[in-house]
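Here is a friendly briefing on a protein model with a ligand. Please keep the viewer open as you read.

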Amino acid sequence: MQNSNTSIESFIVLANPSIQSLTPYAPGKPISELEREYGISNAVKLASNENSLGASPKALAAIKQNLDNIAIYPDGNAFELKSKLAKKHNVTESCITIGNGSNEILELITRAYLAPGLNCIFSEHAFAVYPIVTQACGADAKIAKALAADSDQPYGHDLDEFIKLIDDRTRLIMIANPNNPTGTWIDRAKLKSFLKEVPANIVIVIDEAYFEYVKQADYPDTSTWLNEFPNLLVTRTFSKIYGLAALRIGYGLANEAITDMLNRVRQPFNVNGLAQVAACGALEDQEFVDQSVDLNRIGMAHLTDGLIRMGLHPIASVGNFISVKVGDSGTSVFEKLLPKGIIIRPIDNYQMPGFIRVTVGKNEENSRFLQALSDVI
Ligand SMILES: Cc1ncc(COP(=O)(O)O)c(C=O)c1O
């Protein structure tokens with residue numbers, strides 16, 4: 001029976017307390033929205049670390065070939081894709097979880113291991129999804145102080161600070177390597193000695209969303225450490241270098257027991273069929289990956305050089321994006337760039353006031369951004 005005293009607002013108060021106080025993820029502004037709002041065309045979006053080359057042609061071909069199959073449910077166990085990933089990473093299929101983006105894997109691990117009274121540790125300026133998925137479970141976030149602005153990895157993860165925060169209620173640690181939005185990274189020796197120090201009953205997520213872009217010799221492939229560290233969950237995505245962000249597909253690698261727990265909270269058909277075949281195609285497309293790495297290297301040099309010429313000090317980044325302080329408010333620079341048809345990301349909400357993050361684009365996109373930025377600051 002309808003109670004006329006029940007206001008719409010009371011449904012906020014009725015919600016789980018940790019959800020009531022949750023700040024939702026703020027995605028990059030879509031190009032179509034900007035063009036509608038300002039009546040412009042030809043806008044450039046360098047806001048969500050997508051691949052400016054588009055999608056792998058082999059992935060596109062696979063999608064076209066499978067369009068007729070969308071009336072049937074996808075393979076809920078993603079057999080073909082898991083077989084390919086099992087070969088690529090030299091693991092068994094029982095160690096692989098396919099997610100609706102790697103974000104879903106981050107969510108599943110928190111749902112499987114966190115609860116009110118337990119906690120998850122991540123760094124200041126870490127990827128914005130970590131606090132959201134932690135809080136959504138009613139668990140506590142413990143924030144490790146970041147490295148100093150003048151360190152060799154400015155604003156990056158300080159693993160000693162993580163260790164200090166571990167207590168007997170810690171169930172999860174989340175580390176992005178490289179980190180978004182700082183673009184900083186952790187080398188093999190440091191990460192390995194950290195993993196050895198963390199108690200074995202804490203699950204450590206190493207988020208490698210930008211893995212394929214990193215060419216530093218000391219950068220670790222932690223997917224090869226799963227036997228040595230049974231408490232490891234490594235996440236990867238098809239959204240970045242493979243150019244499949246709109247399809248939402250990523251994966252996690254972990255021991256069979258952790259994978260079993262993720263599988264218990266996963267929806268039966270969480271990853272759509274076109275995403276699965278596209279990901280299979282993309283894994284065969286090393287040429288596209290190589291082209292994307294090349295474009296990123298050239299674009300990163302272009303952006304870095306242009307920003308330095310403006311007297312700015314970008315944070316050296318190993319991803320496909322770069323962050324830089326542009327004044328007192330990144331949001332106000334973001335807003336001034338919009339009418340010029342440029343979408344970037346202010347990262348004031350990452351506790352980095354005055355900073356913006358820019359995705360590496362094609363040559364002409366980078367030039368348009370640099371010109372527009374020099375006009376507004
Ligand atoms: C560090 C990091 N991890 C994970 C993700 C999630 O990517 P997706 O859910 O598209 O796989 C992103 C996306 O920007 C990211 O930057």
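What follows covers the ligand site, the pocket and cavity, and a few backbone details.

This is a predicted model, in which local features need pLDDT of at least 70 and side-chain atom pairs count only at pLDDT 80 or more, while totals for chains, interfaces and linings use all residues. Residues are numbered from 1 along each chain as its sequence is written, and side-chain values use heavy atoms, with hydrogens and water left out.

**Ligand surroundings**

- The residues around the ligand (near means a heavy atom within 4 Å) are Gly101, Ser102, Asn103, Phe127, Asn180, Asp207, Ala209, Tyr210, Thr237, Ser239, Lys240 and Arg248.
- Sorted by class, this shell holds 3 nonpolar, 6 polar and 3 charged residues; here Ala, Val, Leu, Ile, Met, Phe, Trp, Tyr, Cys and Pro count as nonpolar, Asp, Glu, Lys and Arg as charged, and the others, Gly among them, as polar.

- A polar contact is a pair of N or O atoms within 3.5 Å. A polar side-chain atom of Ser239 lies 2.6 Å from a ligand oxygen, and one of Arg248 lies 2.8 Å from a ligand oxygen.
- Asn103 takes part through its backbone, with an N or O atom 3.0 Å from an oxygen of the ligand.
- On its own the ligand has 390 Å² of accessible area (Shrake-Rupley method, 1.4 Å probe), and the protein covers 94% of it.

**Largest pocket**

- The ligand takes up the space of the largest pocket; a molecule sits in a pocket or cavity if more than half of its atoms lie within 2 Å of its grid points.
- On a 1 Å grid over the protein atoms alone, a pocket is an open set of points with protein on both sides within 12 Å along at least five of seven lines, a cavity is a set where a 1.4 Å probe fits but cannot get out, and lining residues have an atom within 4 Å of a point.
- The pocket holds about 500 Å³ of space, a volume being the space filled by probe spheres set on the points, which are joined across faces, edges and corners.
- Its lining numbers 27 residues, with Tyr25, Ser48, Asn103, Lys240 and Arg248 nearest the centre.
- Helix H6 (residues 102–113) contributes the most to this lining, with 3 residues; helices (H or I, at least four residues) and strands (E, at least two) are DSSP runs, numbered from the N terminus.
- The pocket lining divides into 11 nonpolar, 9 polar and 7 charged residues.

**Cavity**

- There is 1 cavity of 30 Å³ or more, and the largest cavity has about 50 Å³ of space.
- Among the residues lining the largest cavity are Glu50, Tyr213, Asn296 and Val360.

**Backbone details**

- The peptide bond from Asn177 to Pro178 is cis, with omega near 0°, and the one from Asn180 to Pro181 is cis with omega near 20°.
- Pro178 is in the loop between strand S5 (170–176) and helix H9 (188–197), and Pro181 is also in the loop between S5 and H9.

Terms used. Polar contact = N/O pair within 3.5 Å; in protein donor to acceptor, adjacent residues only side chain to side chain.
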